[in-house]
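Please look over the sequence and the model before reading on.

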Amino acid sequence: MDEVKCPTCGKAIMTTGEVESLIKRTMSKTLLSHCLCGESFEIRSLKKNTLNISTSSGKKVEQFIEDEPGS
């Protein structure tokens, strides 16, 4: 399964499945989180199969989510 990684240090934060599940359950559709390196960021899913990650230091990253076989 794919992992969402910190845009600053590259460490895995959580799986894409966990992120999608959390975003679906939040009213704002934005997940606020942070990494052990100290970077804080918000994760949004504005388009199907794409996560937009914006960091507190100004970096912006789009991560494509691959469909699982059989889903």
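## An exposed phenylalanine

Phe64 is exposed, with a relative accessible area of 56%, where exposed stands for over 50%, buried for under 20% and partly exposed for what lies in between, with a 1.4 Å probe and protein chains only. Phe64 belongs to strand β6; strands (E, at least two residues) and helices (H or I, at least four) are DSSP runs numbered from the N terminus. Leaving aside neighbours within four places in sequence, Phe64 is in contact with Asp2, Asn49 and Thr50, contact being heavy atoms within 4.5 Å. Between Phe64 and Ala12 there are 52 residues in sequence and 15 Å in space, C-alpha to C-alpha.

## Basis of the model

The model is predicted, and local features need pLDDT of at least 70, side-chain atom pairs count only at pLDDT 80 or more, and totals for chains, interfaces and linings use all residues. Residues are numbered from 1 along each chain as its sequence is written, while side-chain values use heavy atoms, with hydrogens and water left out.

## The sheet and the helix

Strand β4 (residues 40-47) is joined by 5 bridges to strand β5 (residues 50-55), and the two run antiparallel.

## The nonpolar core

The largest nonpolar core has 12 residues in all, among them Val4, Val19, Ile23, Leu31, Ile43, Leu51 and Ile53; such a core is a set of buried Ala, Val, Leu, Ile, Met, Phe, Trp, Tyr and Cys residues joined through side-chain atoms within 4.5 Å. At least two residues of this core come from each of α1, β4 and β5.

Ile43 stands opposite Ile53 in β5, and, not counting residues up to four places away in sequence, Ile43 also touches others, including Val4, Val19, Leu51 and Lys29.

## A loop lysine

Lys29 lies in the loop between α1 (16-25) and β3 (30-34). Although Lys29 is not a glycine, its phi is positive, at about 60°, and Lys29 is partly exposed, with a relative accessible area of 41%.

Notes:
Pairing = 2+ DSSP bridges.
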